Amino acid sequence: MTRTLTTAVTNLLDDDVVNPFIAVKIPFPSGAMRVWTGLGDITVDSETYSGVGSFLSISSITESSEVKATGLTISLSGVPSNMLGTLLTDEFQGLTCVVHLGFIGDSNSVTGVVKVYQGISDNCDIAETGTTAIVSFNIESRLIALDDKINRRYTNEDQQIDHSSDTSLRFISGLQEKEISWGKG
């Protein structure tokens with residue numbers, strides 16, 4: 001995934017002290033969960049993220065020169081047990097999750113943000129620890145779809161499944177036994 005650093009981020013990386021943070025957006029039908037690794041609220045891409053401090057952790061983000069799907073795990077610890085019902089009932093599989101790397105400037109404001117990962121939410125593991133729980137979200141690269149087998153055919157019947165008014169493939173079946181002569185005959 002190609003990333004372009006803004007001038008503000010490039011200038012920050014030269015400073016003696018750099019204050020990086022991670023911001024994560026996980027969508028749910030009842031509303032997106034936006035959290036970051038600091039305290040208080042910040043704004044990233046015109047959206048408000050709530051600070052959860054060290055309760056948020058992310059596995060390593062790996063990249064490869066090969067075309068292959070790499071996923072990551074986002075863990076949120078200290079989740080109150082009364083909030084688990086929403087996680088169990090909301091269907092969030094297949095929704096796009098985004099991970100940002102950002103920087104806080106001298107005035108405690110967001111100075112620069114770079115999207116470092118975007119993937120599809122897969123499943124969620126919950127480990128209860130008494131009154132709280134650790135929730136781990138598994139996020140897969142969109143390249144995981146390359147592993148899916150496509151069970152579709154280029155036939156009129158198959159085309160009618162999704163596009164009932166499209167008749168562009170109606171002559172395909174007649175082409176199977178058709179003999180076509182090329183050149184002068």
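Asn138 is buried in the predicted model, with a relative accessible area of 15%. This value falls under the 20% limit below which a residue is counted as buried. The residue lies in strand S9, which covers residues 132-140. Two polar contacts involve the side chain of Asn138. One, of 3.2 Å, links it to the side chain of Thr73, and another, of 3.5 Å, links the side chain of Asn138 to that of Asp125. When residues up to four places away in sequence are set aside, Asn138 touches Leu72, Thr73, Ile120, Ser121, Asp122, Asn123 and Asp125.

The cysteines were examined next. A search of the whole structure returned zero disulfides. A disulfide is a covalent bond between the sulfur atoms of two cysteines. The sulfur atom of Cys97 has its closest cysteine sulfur in Cys124, at 11 Å, which is too far for a bond. Likewise, the closest cysteine sulfur to that of Cys124 belongs to Cys97, again at 11 Å and too far for a bond. For a disulfide to be assigned, the two sulfur atoms would have to lie within 2.5 Å. Cys97 is buried, at a relative accessible area of 1%, whereas Cys124 counts as partly exposed, at 22% relative accessibility.

At the level of the chain, the secondary structure consists of three helices and nine strands. Read from the N terminus, these elements follow the order α-β-β-β-β-β-β-α-β-β-β-α. The mean pLDDT of the chain is 81, and 91% of its residues reach 70 or more. Among the elements, the lowest mean pLDDT, 75, belongs to helix H1 (residues 7-12), while the highest, 90, is found for strand S4 (residues 47-51).

The overall dimensions were then considered. The chain has a radius of gyration of 24 Å, whereas a compact globule of 185 residues would have one near 16 Å. Along the principal axes, the C-alpha trace spans about 80 × 45 × 30 Å. Buried residues account for 27% of the 185 residues in the chain. The accessible surface comes to about 12400 Å², and carbon and sulfur atoms contribute 50% of it. Of the contacts between residues at least 6 apart in sequence, 52% join residues at least 24 apart.

Notes:
Residues are numbered from 1 along each chain as its sequence is written. Side-chain values use heavy atoms; hydrogens and water are left out. Buried means under 20% relative accessible area, exposed over 50%, partly exposed in between (1.4 Å probe, protein chains only). pLDDT is the predictor's confidence in each residue, from 0 to 100. Helices (H or I, at least four residues) and strands (E, at least two) are DSSP runs, numbered from the N terminus. The radius of gyration is taken over C-alpha atoms; the globule rule is 2.2 Å times the number of residues to the power 0.38. Contact means heavy atoms within 4.5 Å. Accessible areas come from the Shrake-Rupley method with a 1.4 Å probe; for residues, only the protein chains shown count as cover. A polar contact is a pair of N or O atoms within 3.5 Å; within protein, one must be able to donate a hydrogen and the other to accept it, and residues adjacent in sequence count only if both atoms are side-chain atoms.
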